[in-house]
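Please open the model in your viewer and keep the selection panel at hand.

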Amino acid sequence: MKRFFPGMIIAGYLLVLTFGMGRTAGAAAVSSCGCHPTKAEKQYTHKPVRQGECESCHRPSGEKHPKVKKGAFVLTDNGKVGLCNECHERKDTMKYVHGPVGSGDCLACHDAHQSENKSQLREPPARLCFMCHEKKQFDRKHPHPPIADGNCTGCHDPHESNVKYMLKGEGVNLCILCHDKAMFSGKSIHKPVGQGDCNACHATHGTENPRLLRNFYADEFYMPFNKGNFALCFGCHNNQLADDKLTDVQTGFRNGLENIHFIHINKLEKGRSCKVCHDPHAASQQRLISAKISGFGRWRIPIRYTKTETGGTCVVGCHKPKSYDRINAVNNP
Ligand code: HEC
Ligand code: HEC
Ligand code: HEC
Ligand code: HEC
Ligand code: HEC
Ligand code: HEC
Ligand code: HEC
Ligand code: HEC
Ligand code: HEC
């Protein structure tokens, strides 16, 4: 609503002058429309309707009513957006305007008088959007919870926005309307996360994989090594980082030539998941190394990782402190 609406005052003044000389607006107006089924019985009734100001929208045309059934009243702009704009801020001034708003079809979603739904919506929020958008398109095995709840407007403005698709925020700013920002900050931040590109790994409406992931990423802590289990990571990283026992190129996680990714991951039975060490978003230590290993139920083992020019050191609950160095291999006790 406009905070100040001189237009309304002027319009009201003109109305009174032209049609209502000395009449008390509210009650009188309602009773004068008493033949019509009441337009103000539902829980959400448009304020001017509730106040009986029928004539603020239905302007007498001069024809005698109710003698003349049709044409005694006219709606500004045939009841389209011009009428609504007499009292409301325009909703088509931003860069991206929703189709029906752009075409002035406010009544596609709102009832001008009343409704069982908040904001006089024609359908409850969970169904409103599916009047025009295909519901099937949103049926995924793992839908994003707000989609499952029918909360499309948690992310989309129903009218307009300066962000494409009428989104309520750009990149990560959209996500942190509901998710904790702390998850995406730290000493090391995964590059796509730093770029606000959540979309690189997650499909916002939903996916066939858990966690809205675009590619498979195993939930388990231990599993036989198989690059399909980490299809997500290997969509961008070279899967060879865990292929060879000895290497001088495939990974920086090596002691001399000894590939330490291989040692942890590449096992027939109990290979470890990337998540044992890496957080996919951000971490308080270098190289996305999580501060704590999750996966042993409630027991979360702390890891302390320090990086050096040519290697690093890990202090972990599950083994003695160990160091690695790519140039001068360390002899760990
Ligand atoms: C905010 C503007 C507005 C106000 C105030 C308003 N109307 Fe309407 N009315 C409309 C519009 C727009 C239409 C045509 C579109 C539609 O049917 O929803 C309409 C249609 C109607 C119709 C014909 C269709 C139907 O729904 O039966 C009647 C009768 C009517 N209004 C009566 C009233 C009465 C009585 C009041 C006062 C209690 C009132 N209106 C107040 C905007 C308004
Ligand atoms: C005569 C003035 C007037 C006209 C014309 C008018 N409105 Fe309103 N409308 C109001 C007032 C007053 C409110 C109450 C605002 C408030 O409480 O802040 C309101 C509130 C609303 C709300 C919010 C209801 C809620 O519960 O949040 C919607 C939606 C709305 N109007 C839609 C429309 C549409 C669509 C049209 C055009 C068909 C329209 N209005 C035309 C005066 C008008
Ligand atoms: C695609 C459906 C849709 C269309 C078309 C639409 N609205 Fe809305 N409108 C909504 C929804 C949904 C809400 C409730 C928003 C919320 O609760 O976050 C809303 C809320 C409102 C409100 C109250 C809150 C606010 O943003 O001020 C007004 C006033 C309003 N609409 C006016 C209009 C007018 C005027 C038009 C035509 C220019 C229009 N709407 C077209 C869906 C629509
Ligand atoms: C009255 C029909 C109607 C309703 C109801 C409706 N939409 Fe739309 N929507 C459209 C039309 C028409 C377009 C424009 C399609 C195009 O340009 O291809 C559109 C486009 C969109 C777009 C942008 C698509 C793009 O490619 O830019 C989004 C996002 C969207 N709608 C979301 C919603 C949401 C969320 C709701 C419920 C609050 C909703 N729509 C309800 C008719 C509707
Ligand atoms: C968690 C935020 C979020 C929610 C909730 C959400 N959307 Fe979207 N929507 C997006 C984002 C982000 C895009 C941009 C394209 C993309 O990432 O897929 C988008 C794009 C769209 C588009 C245009 C592109 C396309 O896929 O056709 C439409 C239409 C759309 N959404 C409708 C809806 C409807 C309808 C709902 C409710 C069922 C909904 N959205 C709920 C975030 C959301
Ligand atoms: C309107 C609120 C809202 C917005 C905005 C939102 N989410 Fe969510 N999201 C939720 C809720 C609620 C859950 C379920 C509870 C939880 O995990 O926090 C969830 C869960 C998730 C999950 C875990 C799903 C699972 O199956 O465990 C992912 C991944 C996710 N959101 C990603 C995103 C991304 C990426 C964005 C931005 C594009 C985003 N969310 C924006 C509300 C939102
Ligand atoms: C490089 C891929 C990648 C990117 C980019 C990414 N995520 Fe994730 N996200 C994941 C993975 C993998 C998981 C599942 C973690 C697990 O199962 O341990 C996840 C899980 C989540 C969860 C659920 C967390 C939980 O504990 O249930 C949310 C919420 C989430 N991501 C939001 C986001 C947001 C917001 C962004 C953008 C800032 C983003 N993600 C960017 C890979 C990514
Ligand atoms: C969308 C592409 C993408 C996906 C998917 C992806 N990453 Fe990355 N990752 C990158 C980019 C880009 C870099 C930065 C590379 C560089 O700077 O050379 C990076 C860097 C890293 C780094 C080094 C971080 C540092 O601070 O130097 C680690 C560790 C990492 N990713 C682990 C993973 C894991 C684990 C997964 C799967 C959960 C994954 N990535 C999935 C794009 C991706
Ligand atoms: C035992 C802990 C551990 C596990 C498990 C682990 N990583 Fe790493 N990773 C590291 C460490 C430590 C580094 C830092 C190496 C350096 O730069 O000194 C690293 C570095 C990386 C890098 C940066 C490039 C490189 O190879 O040096 C990527 C990408 C990466 N890991 C991806 C993965 C993926 C994908 C998985 C799962 C398939 C995985 N990691 C499993 C500890 C681990």
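Predicted model: local features only at pLDDT ≥ 70, side-chain atom pairs only at ≥ 80, totals over all residues.

Residues are numbered from 1 along each chain as its sequence is written, chains are lettered from A and ligands numbered from 1 in the order in which they are written, and side-chain values use heavy atoms, with hydrogens and water left out.

**Annotated spans**

In residues 98–137, the end C-alpha atoms are 18 Å apart, and the span is 20% helix and 5% strand. For residues 144–183, the end C-alpha atoms also lie 18 Å apart, with 20% helix and 5% strand. Helices (H or I, at least four residues) and strands (E, at least two) are DSSP runs, numbered from the N terminus.

**Ligand 4**

Next, select ligand 4 and the 15 residues around it, of which His98, Cys129, Cys132, His133 and His156 come nearest. A residue counts as near if one of its heavy atoms lies within 4 Å of the molecule. A polar contact is a pair of N or O atoms within 3.5 Å. This shell has ten nonpolar, five polar and no charged residues. In this scheme Ala, Val, Leu, Ile, Met, Phe, Trp, Tyr, Cys and Pro are nonpolar, Asp, Glu, Lys and Arg are charged, and the others, Gly among them, are polar.

**Ligand 8**

Move to ligand 8, which 15 residues surround; His190, Cys233, Cys236, His237 and Arg287 are the closest. Which atom of ligand 8 lies 2.8 Å from a polar side-chain atom of Arg287? It is an oxygen atom, whereas the side chains of His190 and His237 each place a polar atom 2.8 Å from a nitrogen atom. Helix H9 (191–194) and helix H10 (231–234) each supply at least two residues of the shell. The shell divides into nine nonpolar, four polar and two charged residues.

**A pocket**

Finally, select the lining of the second largest pocket, including Phe130, Lys135, Asp139, Arg140 and Asp149. By class, this lining has six nonpolar, one polar and four charged residues.

Key. 1 Å grid on protein atoms, 1.4 Å probe; cavity = no way out; pocket = protein on both sides within 12 Å on 5 of 7 lines; lining within 4 Å. Polar contact = N/O pair within 3.5 Å; in protein donor to acceptor, adjacent residues only side chain to side chain.
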